[in-house]
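Let's take a friendly look at one helix and its surroundings. Here is the model to explore.

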Amino acid sequence: MLLPADYHSHTPLCRHAVGEPVELAARAVKLGLPELGLSDHNPMRRDDFDEWRMRLDQLEDYVGRVEKARRTYPNLVIKLALEVDYIPGGEDWVRDLAARQPWDYFIGSVHYVSDSWALDDPKRISEWRTRNPWDVWSTYFERLTQAAESGLFDIIGHADLCKKFGFYPREDCTNLFTRFLEVAARRNVAIELNTAGLRKECREIYPSPAFVQLAARFGVPITFGSDAHAPEEVGMNFAEAVELARRSGYTHCCRFTRRQRELVKI
Ligand SMILES: [Zn+2]
Ligand SMILES: [Zn+2]
């Protein structure tokens, strides 16, 4: 099976990943991936925002490291991207970042469901036990839908990240999914099939099979991402992700160059 591009990977600049872009690229070449996208966590306007992203003064260093990987592996297509936190009210900062470098794409991700709580932070799992999962999931999808509506992103990251630690609401979440997918389809934004979920407590690709089937029905395009935080995670479980996409009715995924989209067969 020809594997698709891996559009979600991180570097040591975010302070919780290992492996330079050249090392990730070496792994991508070894696996025969057609493309690798570097999409490290975006810097914030204030460096004291949290401790799991690059500092603003490291942005050029980040681009330089990606360029070094391009020079080292000229036969591998390497994309320059960011995984950008969507925070309501932070839209101007995303536009500011977008103008700073020749980005190929932006992944818009929701991690924060309040000013101070990132729901996927392993150090803050205890917060889940003080909250009703339905409230957290509702807020998460409300923000995810706003991210899709904003027009700031090419791809929406790990669209049901709220399942990471296995805190599921008792309520039926279909309406949360369809409200988001309706907006994603109308605003022409892709979602990613992110295999990192298989490595977490939820043991499932983000988003779930039921979600991916709905996404196909809404005509929302897809990309694939390992969310690699280490070289050996590049392209991990991609055969399973492609299988899920095909089973759900997808025949194509997309790739981005300087924020222009093309469709590629899977
Ligand atoms: Zn990360
Ligand atoms: Zn993320």
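## Before we start

Contact means that heavy atoms lie within 4.5 Å of each other. Helices (H or I, at least four residues) and strands (E, at least two) are DSSP runs, numbered from the N terminus. This is a predicted model, in which local features need pLDDT of at least 70 and side-chain atom pairs count only at pLDDT 80 or more, while totals for chains, interfaces and linings use all residues. Residues are numbered from 1 along each chain as its sequence is written, and side-chain values use heavy atoms, with hydrogens and water left out.

## The buried face of α1

Which residues of α1 are buried? In this helix, which spans residues 21–31, they are P21, V22, L24, A25 and A28; buried means under 20% relative accessible area, with a 1.4 Å probe and protein chains only. Seen down the axis of α1, these buried residues fall within an arc of 160° (taken from the directions from the helix axis to the C-beta atoms), so they line one face of the helix.

The buried residues pack against β1 (35–41), α2 (59–72) and β2 (77–85). After α1 comes G32, with a positive phi near 75°.

## Where α1 meets α2

On the α1 side, P21, V22 and A25 take part, and they meet R65, V66, K68, A69 and T72 in α2.

## P4, ahead of the helix

P4 sits in the segment before α1. It counts as buried, because its relative accessibility is 7%. Setting aside neighbours within four places in sequence, P4 is in contact with L33, P34, F224, F238, V242 and C253.

Note on methods: Chains lettered and ligands numbered in written order. Buried < 20%, exposed > 50% of the residue type's maximum accessible area, 1.4 Å probe, protein only.
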